[in-house]
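Biologist: Can you put the model up? I have a few quick questions.

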Amino acid sequence: MVPGRLFHRRALWLRLICLLALLVTGRAFATDIAPDLGPTMQFGIVRSNAPGCEPICPEWISAEGSIEAGTPALFKRMLKTLGGRKLPIVVNSPGGNVEAALTLGRLIRKNKLDIAIGKTVFSGCQPDAKGCQGRDKNGARYLGDVIDYGAMCNSACPLMFAGGVQRVAGEWAYLGVHQITTTYIRTKLQYRTTYRIVGGKKKVLNTKIVSRKNAGSYKTYEMSKSVEKKLAAYLNQMGIEPGVLETMKSTPASAIHQIALDDMLTLKLVTSADAVDMLTTASLCRPDRLAANCREIPGNKPDGLTAAAKPAPQPAEPEGMQRDKDMRFVVVRGSNPLCNPECPEWISAEGAITPQTPQKLRQVLATLGDRRLPVVISSQGGDLLGALAAGRLVREKKLDVAVGRTDFVGCDPGEWNCLAKEGAYAGLSIDAGVECDSACALMLAGGVRRLVGPRARLSLYLMGQKQMVEAYLEEMAIDPALFTAIERRSVERQLEPDMMLKVGLTTSPQSVDALTGATICDAVPKPQNCRIRSSANAEADAPAKL
């Protein structure tokens, strides 16, 4: 007898289907209780559009948006396109998924990448624009610049940030942490199990999920011991002090604790007090010392243009056009013969206020060391956030501001062959017919002394972000009555001298000459912006003797 047939005769074949309902619990982590953290993080390879850097320019990875579960996979895909090149990451994120942030941090450290908090300001093609084609096969897809004002790395983002080898966050960037929100998700699963009875015993053939229903969820706002242990191990691995975790635990999930730059240094969350431009500035690509993120594209070399493609000789015109579009800062020395050899100096600020304006002002101030020069400003306004940041920088450096224009003597700094003498260009200040409109008035508000002469024009209108502007003006000790005076009108309004003085927007109706006039260096005490040139230069600049 065949054993198999005996088995079949003795077995009772029964195919039964049983439906079982089972309640299971899963958990997910988030670092912000807000339901919407904005667009999902996108990555892009960006090449600097700084004037004059081609054909060798720095490049970086832009990381903008909220961190989601699928973000690490996108990052891996982007890294593969680099072919081993090590580009720094410029991140701007409100936070998101903790597990994904940890994975991103480990990937960044594994690939030995640097990271900075900053915003990428794209030129032309935008990452979210349709039909945005690649610029070259394995290089930068976008062109742009970086700023740190208004950039953030909050919630889960600092965990990603901790993975960088070099980690930088300038004084204008915002890094904040808070307690982790743990979301427990209940799911009701319905199974179909098929089994048979063999020899009186049940034998399961297969089990299949036939339905899945949401059974609700709940959140807790206290870090569990297991999560705390996991985060502590990660931060220790990245070389970050335990104080970061303690700050997270002590900050409610509904709030954000901004960590000051000095504290970030103490906690080793940043490796230096530098800003984002430490990793992206065009000066990294000097021929004698190229940074790892510099890349040469021979086809971009200006000399590579054909004769037909070369523009007509006009070296000064592009700079002149740029001056109208973007605020330019220039150190100026008064050229009136009456002041020689000791003349006043000032910072000329002319053009539209943009997100890059605070950074450009900071760069000029860095060249001055401890010297405090007044700012002579002429602008039709521009970017609100840029104006607030520039105004705060002016106040931080204790600078005076006057509405006026600088007329350069001899040559304009925008011309390629116009050279500064001992760090300053020759010029004269004037305020007749000069305007300081909309956002410019807010930048002016940052001055310690704020002068608007009777021949100058200052105007302001509500530009949105009322609470932000009100807080800024309160910070600058400007009377809130200023808002009452202008909010009745939606159009730009010229401000009367008496009203400007009454609310404290100006400190004096004096003209710009009070800060830059030829005779101010004879006053006692002597203004800080007076400087004596070396005897050789003073003699050369002195008027001819009769």
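Modeller: Here, helices (H or I, at least four residues) and strands (E, at least two) are DSSP runs, numbered from the N terminus. On that basis, the protein has 17 helices and 27 strands. Keep in mind that this is a predicted model.

Biologist: Noted. What share of the 546 residues counts as buried?

Modeller: The buried share is 45%.

Biologist: And what accessible surface does the protein have?

Modeller: About 27900 Å². Carbon and sulfur atoms hold 53% of that surface.

Biologist: Switching to cysteines. How many disulfides are there?

Modeller: The count is seven. The rule is a pair of cysteine sulfur atoms within 2.5 Å.

Biologist: Let's go through a few. Which cysteine does C285 pair with?

Modeller: C285 bonds to C294, with the sulfur atoms 2.0 Å apart.

Biologist: Why is that disulfide left-handed?

Modeller: Because the torsion about the S-S bond of C285 and C294 is about -95°.

Biologist: Are its two ends buried or exposed?

Modeller: C285 is buried, because its relative accessibility is 8%. C294 has 13%, so C294 is buried as well. The cut-off for buried is under 20% relative accessible area.

Biologist: Next one. What about C339?

Modeller: C339 forms a disulfide with C343, and their sulfur atoms are 2.0 Å apart.

Biologist: Left-handed or right-handed?

Modeller: The link of C339 and C343 is right-handed, with 90° about the S-S bond.

Biologist: Where do C339 and C343 sit, buried or exposed?

Modeller: Both C339 and C343 are buried.

Biologist: One more pair. What is C436 joined to?

Modeller: C436 is joined to C440 by a disulfide, S to S 2.0 Å. The angle about the S-S bond of C436 and C440 is -105°, and the link is left-handed.

Biologist: Why does C436 count as buried?

Modeller: C436 counts as buried because its relative accessible area is 0%.

Biologist: And what is the relative accessible area of C440?

Modeller: C440 has 0% too, so C440 is buried.

Biologist: Give me a recap on handedness.

Modeller: C285 with C294 is left-handed. C339 with C343 is right-handed. C436 with C440 is left-handed.

Methods:
Residues are numbered from 1 along each chain as its sequence is written. This is a predicted model: local features need pLDDT of at least 70, side-chain atom pairs count only at pLDDT 80 or more; totals for chains, interfaces and linings use all residues. Side-chain values use heavy atoms; hydrogens and water are left out. Buried means under 20% relative accessible area, exposed over 50%, partly exposed in between (1.4 Å probe, protein chains only). Accessible areas come from the Shrake-Rupley method with a 1.4 Å probe; for residues, only the protein chains shown count as cover.
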